[in-house]
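These entries record what I looked up on charged and aromatic side-chain contacts.

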Amino acid sequence: MGTIEELLQSRPSENRLETVKLRAAVERLCHGSEAERADAIRVLLSLGARGSSLLVAALETLPLPSATQALEGLARTQPAGLASCLADLLGAQNPELRLLAVRWADRLDDEQAKPLLKRALADAHPELRRRALTYVGWRRSLWAQTDVLVLCRDPDPEVEWAALETLAVLNPAVAREMVQTRLPRLDPIKLRRAVFLLERKDLP
């Protein structure tokens, strides 16, 4: 995806009014108040593919509420491009925006979500890894077993435990074995969670 200025220049419009609207909307989106950004998002979405491409290019620079509004609009108007948009957002420096991308990835079918969740499982931020593990467990995504096994030894204790709980869904026998080996070093809270996991009746 090109920068906003590159997109404006690479897809010129013969409609001068549309070009003026696009530039004004981009200016409000990048430099306006929250209300002005919200209005700019509505305008860009109303201008079809060209407006949407500019909105996608700006996503990584937006505050979280505006990025959420933009994604909601893009999901309605450009659903086929949502997965690609989320992939771009997973490259954002702001971990809150990457987390937003992971939450939206869970709305996709497993084939579309797989590359996004796989990236999130390897993200540098522990909360993204933990959240991706939760979604993988909900989906019972068997493709993720190798990634989950790696995270069962994650240096972050919450990620490690989330991985064990996810593995209990994907491969209960291996998960129980791994939990049992950890019992001697668990704190009281983790020990209660371990006992609950080992006694779960809904797993094979």
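**Charged pairs**

I began with Arg 139, which counts as partly exposed at 21% relative accessibility. The model I am reading is predicted. I looked for the partner of Arg 139 and found a salt bridge with Asp 110, the closest N and O atoms being 3.2 Å apart. Arg 139 lies in helix H9 and Asp 110 in helix H8, so the pair ties together parts that are 29 residues apart in sequence. I then checked Asp 110, which is partly exposed as well, at 29% relative accessibility.

How many salt bridges does the structure hold? I find ten. I next turned to the one between Asp 123 and Arg 98, where the closest N and O atoms are 2.9 Å apart. This pair links distant parts of the chain, 25 residues apart. I place Asp 123 in the loop between helix H8 (110-121) and helix H9 (126-139), and Arg 98 in helix H7 (residues 95-105).

Are these two side chains buried or exposed? Asp 123 has 11% relative accessibility and counts as buried, because the limit for that class is under 20%. Arg 98, at 10%, also counts as buried.

Within helix H9 I noted Glu 127 and Arg 130, three residues apart, about one turn of the helix. Their side chains meet in a salt bridge at 2.7 Å, N to O. I read Glu 127 as partly exposed, with a relative accessible area of 24%. Arg 130 is likewise partly exposed, at 27% relative accessibility. I also recorded one network, in which salt bridges that share partners join Arg 28, Asp 39 and Arg 42.

**Aromatic rings**

I searched the whole structure for aromatic pairs and found one. An angle over 60 degrees would have counted as edge-to-face. Both residues lie in helix H9, three residues apart, about one turn of the helix.

I compared the accessibility of the two partners. Tyr 135 is buried at 6% relative accessibility, whereas Trp 138 is exposed at 62%.

My last entry concerns a charge over a ring. Which residue lies over the face of Trp 104? I find Arg 107 there, at 3.8 Å from the ring centre.

Notes:
Residues are numbered from 1 along each chain as its sequence is written. This is a predicted model: local features need pLDDT of at least 70, side-chain atom pairs count only at pLDDT 80 or more; totals for chains, interfaces and linings use all residues. Side-chain values use heavy atoms; hydrogens and water are left out. A salt bridge is a side-chain nitrogen of Lys or Arg within 4 Å of a carboxyl oxygen of Asp or Glu. Helices (H or I, at least four residues) and strands (E, at least two) are DSSP runs, numbered from the N terminus. Buried means under 20% relative accessible area, exposed over 50%, partly exposed in between (1.4 Å probe, protein chains only). Rings of Phe, Tyr and Trp (its six-membered ring) pair if their centres lie within 6.5 Å; planes under 30 degrees apart count as stacked, over 60 as edge-to-face and the rest as tilted. A charge sits over a ring if NZ of Lys or CZ of Arg is within 6 Å of the ring centre and within 35 degrees of the ring normal.
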